[in-house]
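Please open the model in a viewer and keep the selection panel at hand.

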Amino acid sequence: MWSRALFGMSLGFHIVFATVGVGLPLMVALAEVLALRRQDPYYRAMARRWAAAFSVFLGAGVVSGTIVAVQLSLLWPTFMRIVGQIIALPFAIEVSAFFIEAVFTVIYVLAGHMIPAGWRIFSAFAVALGAAGSAVLITDVNAFMNTPTGFRLEGGQLTDIHPWRAMFNPSMPSEISHVLATAYMTVAFVLAGFACWGLGRVTSDEVRAYHARALSLSMAVASAGAFLTALTGDGSGKFLAAVQPLKFAAAEGLFRTTSHAPLVIGGFPDAVTQTVRGGIEVPGMLSWLATGNRNGTVLGLQEFPRSEWPPLFVHLLFDVMVVIGGLALFVSALYWFFRLRRFSVPPHGLRTAVMAMGPLMFLGIEAGWVFAEIGRQPWTITGLLKTSDAVTSSSAYVTPLFFLFLGLYAVLAAGAAFALRRYVVTHPLPDFLHAAGLGVHHAVAVKGGELG
Amino acid sequence: MGSHAAFAEALLWFLVFIYALAGSVDFGATFWKMVFARQGTEEAAEVAASYVSPLWEATNVFLVLIAVVLVGFFPKAAFVYGTVLLIPGSLLLLLMALRGAFLSYGYAYAKATAFHRYVTGLTALVIPALLVAVLPISDGGYVRHVMDTYRLDLHSLLSSPKVYAYILFGLTAELFISATFLSDYAWTKGDRTAYRLFRVAASGAGPAMIIAGLTALFLLPSPAWLAGRLQAQWPLWVASLIFMTLSMFALWWPRSDGSPSGYPRLAVVMMGLQFAFAHLGYGRAHAPYLLYPYITPQEAFTNEVMFRGVLITLVLSMAIVVPAFVWLWRLFIAGPRPRGGAV
Ligand code: HDD
Ligand code: HEM
Ligand code: HEM
């Protein structure tokens, strides 16, 4: 139990920094491209500012990732023994992705001003590529856990092992595309939120010009990300319905196999009455989502042995994620509505909504992962390894470790917050733009953070 | 199959060698940065800092690489080590996390604060020392096979003088390797004050390391299976000692051109050879067991398909990683000193 809590906490922490690590370098690279194409120094200033945030976050991402990797062996030794035999390749390839990311981050951040613009852009994209590679490969291991392939089980022995087939397992495309789309969308919304915040306290034309550009760029990426998230999320859902119907039934709180199945949004699945208490029903919608046809048949939980059911609250996690995805689409649409009506600065209400999206995004990511993991219970590797068998036998020590790491994460999070705050205080945006050769009048010193 | 397991073991041991050197320099430099941050020795602190900031992440990836290769080549060894190292491994992770995170948080500050320096410097000092404690554990005697599982006997581990000798060895080796390396780095950067300081530090840490190492391996009794095998490697130990002596000489050999005495580049090469021989000696003595008496390389070896897969990915990775690393090295280590924290 504590092993699961400890590991879940470590991943929950890592995933925040990892998501930033995937999304932020792409934004930096895009800003660099715009700086060069439009010969616009605002974008170069933007890239430098975002890169500063990135180099602060990177440390926590790297160390929390190292923790997760080692804890995987420490807490789930049996799991790693199987991983080593079947699905070690993504891990091995991932190391080079880490390496590319680390090396080019240093080159971009510490030497960016010494190398030509072309090489600088190349380095920024290399960082983004390395980070995306890390995410793709580790998510692939998770996809393997959902739909293990590439081996046969004979009398408790693994035989006929095909590492490449294990790597290209059936969940891989849907899961990877969804993770990438959500990471880009998340970071773009966070940056858009900072830009909106800054637009609420403009002190000079330069500051306004800076934030307006930051908002356009990040909302463009955020909207595209929101669209792709819905698309890939729908793909994941259809995939689950076809390949892991039990998980899908749990996600939707569907007990009886039904054609013309309704989609139930919210509500709490009750195992005793076998109904969902509360919640909004949309008739036929679930069948349509799962099969593309309003009369399609969707398997219910009843088709499966009770002992294999995951905890039913995963329905709520799934809905949290989907509702946030819907909000992201809605906010994006509103933004473009005002943009096309030539509002240079969106109205106050919309700015607040964009600012709220940042934290919600992280909620969505966490809900999505916890759903994906708990929804697979009782299995760690579907059909192959039960969670109860994967866990370490040294479990007596895990409880104190949980609290030790809880303390560590608190310290790391506080350290990151202080560092960012410190950077913003010592590099206030007006001075920063001034140093970049943009404008001279920064009459009112801006207090507080505006990393956007 | 047997020879593939031996090859995989040799490759793993080679990676450990690289990490032992690179990690020592990386951690040691963080420690020296803390020590020399005082007035008057700031140049030395800055030399150390300008080494650490570009390279610590790349060095960290190397540690991850070793973990991944262990899992890929010897899943059963990863299983047993994972089980027994829960406590020490977690503590180590904790320290590493503090150091790494606060190093990068330091980028946000114009000049790292004393708080950052102490957190990173002190954690960096103990991490390699603790890492080395895996060696006596692998020698056998501290792990029990109970029922279906394996347990680390923390009590006998913590009360064993041998373990402390290994830890002391790890500590002094870290200081020696990093100081020797940084003396050469300071020389390249043309920083004479820093060069002198690191030279003195290296000359103190080197002999201390030899004493600690000899104590750990020979003065304190080794497990019976290992003792004889260690002695059989005597030519390698002798070679190692000779190169050690040469590296000390190289640091102090007078120069005729009026610059401070010593040939630090030569000292670094000699030091590398010294470690290569010692590492080879220990590795050859230890080769039959990954963890005595439970895990041999043959028995822990993965299947052939996976072995080939991991090997191929490793080779291809290196084809990408090495050129990138060379570029990094030329920009930061061999070139003029960069300005720290340019963003
Ligand atoms: C901000 C984050 C976010 C948002 C708004 C969404 N998702 Fe998501 N979702 C994730 C973040 C996420 C994730 C963290 O990236 C997960 C966890 C595991 C994975 O593969 O991706 C995930 C998993 C995940 C799975 C499970 C895959 C599996 O278990 O194999 C499904 C079916 C969906 N999503 C479907 C959707 C739908 C239909 C959405 C509506 C627009 C949606 N997601 C929005
Ligand atoms: C992508 C690679 C991932 C791997 C290889 C992985 C592996 C595992 C393993 C082995 C377990 C324990 C067994 C289990 O409960 O299923 C677990 C549980 C868990 N994981 Fe994942 N996981 C991954 C991604 C994530 C991420 C990114 C999160 C972020 C929130 C996450 C959240 C959790 C949680 C909360 C648990 C505890 C669930 C429980 O109580 O059983 N997982 N994961
Ligand atoms: C079981 C799950 C996971 C493990 C074992 C793991 C392992 C690691 C390790 C060891 C590192 C540090 C590498 C270094 O030394 O530079 C790292 C960093 C990173 N991981 Fe994870 N990871 C996991 C889950 C994830 C997920 C789910 C994502 C993305 C969605 C992700 C994305 C990244 C990225 C982008 C980095 C680079 C550091 C950064 O930019 O913050 N990881 N991970």
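How much area is buried between chain A and chain B, and what percentage of it do carbon and sulfur atoms give? In this predicted model, about 5800 Å² is buried between the two chains, and carbon and sulfur atoms account for 79% of that area.

**The interface**

Colour the two chains separately and display the residues in contact: 70 residues come from chain A and 60 residues from chain B. Next, select Leu74(A), Phe99(A) and Leu110(A), which together supply 12% of the area that chain A buries against chain B, more than any other three residues.

A search for ionic pairs across the interface returns 0 salt bridges between chain A and chain B. Polar contacts between the chains number 3 residue pairs, with both residues at pLDDT 80 or more. On the chain A side, at least two residues each are supplied by α2 (41-75), α3 (77-86), α4 (88-111), α5 (117-146), α6 (163-167) and α14 (398-426). Of the elements on this side, α4(A) gives the most, with 18 residues. By residue class, the side of chain A that touches chain B divides into 50 nonpolar, 17 polar and 3 charged residues.

**Helix α4 of chain B**

Move to chain B and select residues 86-105, which form helix α4. Of the 20 residues of α4(B), 17 are buried, so the helix is largely enclosed by the rest of the structure.

Within α4 of chain B, centre the view on Ser104(B). Is this residue buried or exposed? Ser104(B) has a relative accessible area of 0% and is therefore buried. Apart from neighbours within four places in sequence, Ser104(B) is in contact with Ser55(A), Val56(A), Gly59(A), Ala60(A) and Trp56(B).

Select Ser64(A) in helix α2 of chain A. Ser64(A) is likewise buried, its relative accessible area being 0%. Beyond neighbours within four places in sequence, Ser64(A) is in contact with Phe13(A) and His14(A).

Then go to Gln39(A), in the loop between α1 (2-37) and α2 of chain A. Its phi is near 50°, a positive value in a residue other than glycine. Most residues other than glycine have a negative phi. Gln39(A) counts as exposed, at 62% relative accessibility.

**Salt bridges**

Begin with Lys76(B) and Glu299(B), whose closest N and O atoms are 2.9 Å apart. This pair links distant parts of the chain, with Lys76(B) in helix α3 (residues 75-84) and Glu299(B) in helix α13 (residues 297-300), 223 residues apart. Lys76(B) counts as buried at 18% relative accessibility, whereas Glu299(B) is partly exposed at 45%.

Proceed to Arg265(B) and Asp184(B), which form a salt bridge with the closest N and O atoms 2.8 Å apart. Arg265(B) lies in helix α12 (residues 264-286) and Asp184(B) in helix α8 (residues 161-188), so the pair ties together parts that are 81 residues apart in sequence. Asp184(B) is buried, with a relative accessible area of 7%.

A further selection in chain B shows Asp153(B) and Arg144(B) in a salt bridge of 2.6 Å, N to O; Arg144(B) is partly exposed, with a relative accessible area of 42%. To finish, select Glu32(A), Arg44(A) and Arg120(A), which are joined into one network by salt bridges that share partners.

Methods. Residues numbered from 1 in each chain as written. Chains lettered and ligands numbered in written order. Predicted model: local features only at pLDDT ≥ 70, side-chain atom pairs only at ≥ 80, totals over all residues. Heavy atoms only, no water. Helix = DSSP H or I, 4+ residues; strand = E, 2+ residues; numbered from the N terminus. Expected span 1.5 Å × (residues − 1). Buried < 20%, exposed > 50% of the residue type's maximum accessible area, 1.4 Å probe, protein only. Contact = heavy atoms within 4.5 Å. Buried area = accessible area lost by both parts, 1.4 Å probe. Salt bridge = Lys/Arg side-chain N within 4 Å of Asp/Glu carboxyl O. Polar contact = N/O pair within 3.5 Å; in protein donor to acceptor, adjacent residues only side chain to side chain. Nonpolar A, V, L, I, M, F, W, Y, C, P; charged D, E, K, R; others polar.
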